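Colleague: Can you walk me through this model? I'd like to go region by region.

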Amino acid sequence: MTATHALDRFTHGGGHCWVTPMPAGVPAGDGIDDNERSCVVLLEDGVPLGPAHAHHAVIRSQGGGGFSHWGDTLFFSTSDNSDPRDNGRRYAVSVPDADAMGRDPATISQAADYAIASAHTYLNQLQAAAIDIRGARILELGPGKNFGAAILLAAAGAQVTVADPFLSPWIAGYHPLFADALAGKWPDPLGILARLSAGAGFDAVLDLRHAPAERLDGVADSSLDAVLSLSVLEHLDDFDAAFAEMARVTRPGAMNYHSIHVEDHQGYGRYLEHLLMAPDHFARVNDAVQRQRGCRLRASQFLDLFNRHGFAVEDKAVSLTGDEGYFQDVLARLRQSASEYAHWPEDDLRVTCIGVRARRGA
Ligand SMILES: C[S@@+](CC[C@H](N)C(=O)[O-])C[C@H]1O[C@@H](n2cnc3c(N)ncnc32)[C@H](O)[C@@H]1O
């Protein structure tokens, strides 16, 4: 279960910072002994804000949704730095617990299998790019809730950084069990999985960055042998900024691999409906769900982004639609629409997912 508690008593904490006591029943947050202990999610009208664990000085000076659950107090900012006492929005904290992650053995085993499949995808791409996993410096963007693939690459000998603006917290009742499940299926010569099983926390084995791909603060220029992601780049806020950052942190001659789902994530197989929406309408709808609806960019436009930002595409694997009936129906509607995709090439419109391996130019 995830418990949600409404917040309503806000006092000004300077700059963009607002302060409120945590409701009774919420476990203690960060402290000097552990500045990433809290796993609460702050919601503004039901939409998660972040980054969590933000420095209080940064909350005051920059705001933008950053927050800190410190002891039994919440220091936070609103998404647009408006005053939470009169901006008409509702604020709440939700406290995930182990059960919310699906702690039953079958669900954990499935999550471990997904992590292993993801790690194999990465390992195959690294091997194709002639990168030895042992000692490789790797950044995974958007690692998801359990960091499974990143942990397995670390267990295989890589030095792994993960970056996500909504980095998942360590949940003491779940993640050690997940690490146990991985340990039953993956070699652990370095004892990485054993440390996680013993409750060491993600930061014991991974370099954690509460940062979006668009601003990889603290990741040095040309410092990485590989930047990797699965189902992340379609959720970006600013594609050019993120590709510029990916190029900045990748060592010249090193590789990137990204698997990008370009379909409308609204689902039900109607994967091109978003191309019929006006761009600003789609952006508003998508922002309200934290860009979980995906993006309108087509596969060829992602390939252009790689090229424009100094990458040479070495391999691309595309998945195509299987549903010809829907495709012909939406194509007819698109061709008659005012969409900027009205005259887009049919073969590009058919692509639902593209996996790209690219090398950064010297
Ligand atoms: C659909 S999930 C994919 C998770 C995981 N890679 C997987 O394969 O299951 C998208 C992930 O991207 C993260 N994300 C969203 N916007 C991001 C951004 N601008 N930069 C980096 N990660 C982002 C989300 O927090 C989430 O962890």
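Modeller: Let's start with histidine 53, which sits in the loop between S5 and H1. Helices are DSSP runs of H or I with at least four residues, strands are runs of E with at least two, and both are numbered from the N terminus. The model is predicted, so local features need pLDDT of at least 70 and side-chain atom pairs count only at pLDDT 80 or more, while totals for chains, interfaces and linings use all residues. Residues are numbered from 1 along each chain as its sequence is written, and side-chain values use heavy atoms, with hydrogens and water left out.

Colleague: Is histidine 53 buried or exposed?

Modeller: Histidine 53 counts as buried, because its relative accessibility is 17%. Buried means under 20% relative accessible area, exposed means over 50%, and partly exposed is in between (1.4 Å probe, protein chains only).

Colleague: What is the phi of histidine 53?

Modeller: Near 55°. That is a positive value in a residue other than glycine. Aspartate 45 also has a positive phi, about 50°, and is not a glycine. Aspartate 45 lies in the loop between S4 and S5.

Colleague: How accessible is aspartate 45?

Modeller: Aspartate 45 has 36% relative accessibility, so it counts as partly exposed.

Colleague: Which peptide bond is cis?

Modeller: The one from glycine 50 to proline 51, with omega near 5°. Proline 51 belongs to the loop between strand S5 (47-48) and helix H1 (56-61).

Colleague: Next topic, alanine 24. Where does alanine 24 lie?

Modeller: In the loop between strand S3 (18-21) and strand S4 (41-44). Alanine 24 has a relative accessible area of 75%, so it is exposed.

Colleague: Now salt bridges. How many does a search of the whole structure find?

Modeller: There are 24. A salt bridge here is a side-chain nitrogen of Lys or Arg within 4 Å of a carboxyl oxygen of Asp or Glu. One of them joins arginine 89 and aspartate 80, at 2.7 Å from N to O.

Colleague: How accessible is arginine 89?

Modeller: Arginine 89 is at 26% relative accessibility, so it counts as partly exposed. Aspartate 80 is at 43% and is also partly exposed.

Colleague: Which residue does arginine 293 bridge to?

Modeller: Aspartate 264, with the closest N and O atoms 2.8 Å apart. This pair links distant parts of the chain, 29 residues apart. Arginine 293 is in the loop between helix H7 (279-288) and H8, and aspartate 264 is in the loop between S13 and H7. Arginine 293 is buried, because its relative accessible area is 10%. Aspartate 264, at 2% relative accessibility, counts as buried.

Colleague: And which residues do shared partners join into one network?

Modeller: Arg270, Glu273, Asp329 and Arg333, through salt bridges that share partners.

Colleague: On to helix packing. At what angle do H2 and H3 pack?

Modeller: Helix H2 (residues 105-128) and helix H3 (residues 148-155) pack at about 60°, with their axes 8 Å apart. That is why H2 is oblique to H3. Axes are lines fitted to C-alpha atoms, for helices over the stretch in contact, and angles run from 0 to 180 degrees between N-to-C directions. Under 35 degrees counts as roughly parallel, over 145 as roughly antiparallel, 65 to 115 as roughly perpendicular, and the rest as oblique.

Colleague: What about H6? Which of its residues are buried?

Modeller: In helix H6 (residues 239-249), they are Phe239, Ala242, Phe243, Glu245, Met246, Ala247 and Val249. The elements they pack against include strand S9 (137-141), strand S12 (224-230) and helix H8 (299-308). At the start of H6, a side-chain oxygen of aspartate 238 comes within 3.3 Å of the backbone nitrogen of aspartate 240.

Colleague: Last one. Is serine 168 buried or exposed?

Modeller: Serine 168 is buried, because its relative accessible area is 18%. Serine 168 lies in the loop between strand S10 (159-163) and helix H4 (175-183). Leaving aside neighbours within four places in sequence, serine 168 contacts Gly144, Lys145, Phe147 and Phe202.

Key
Contact = heavy atoms within 4.5 Å. Polar contact = N/O pair within 3.5 Å; in protein donor to acceptor, adjacent residues only side chain to side chain.
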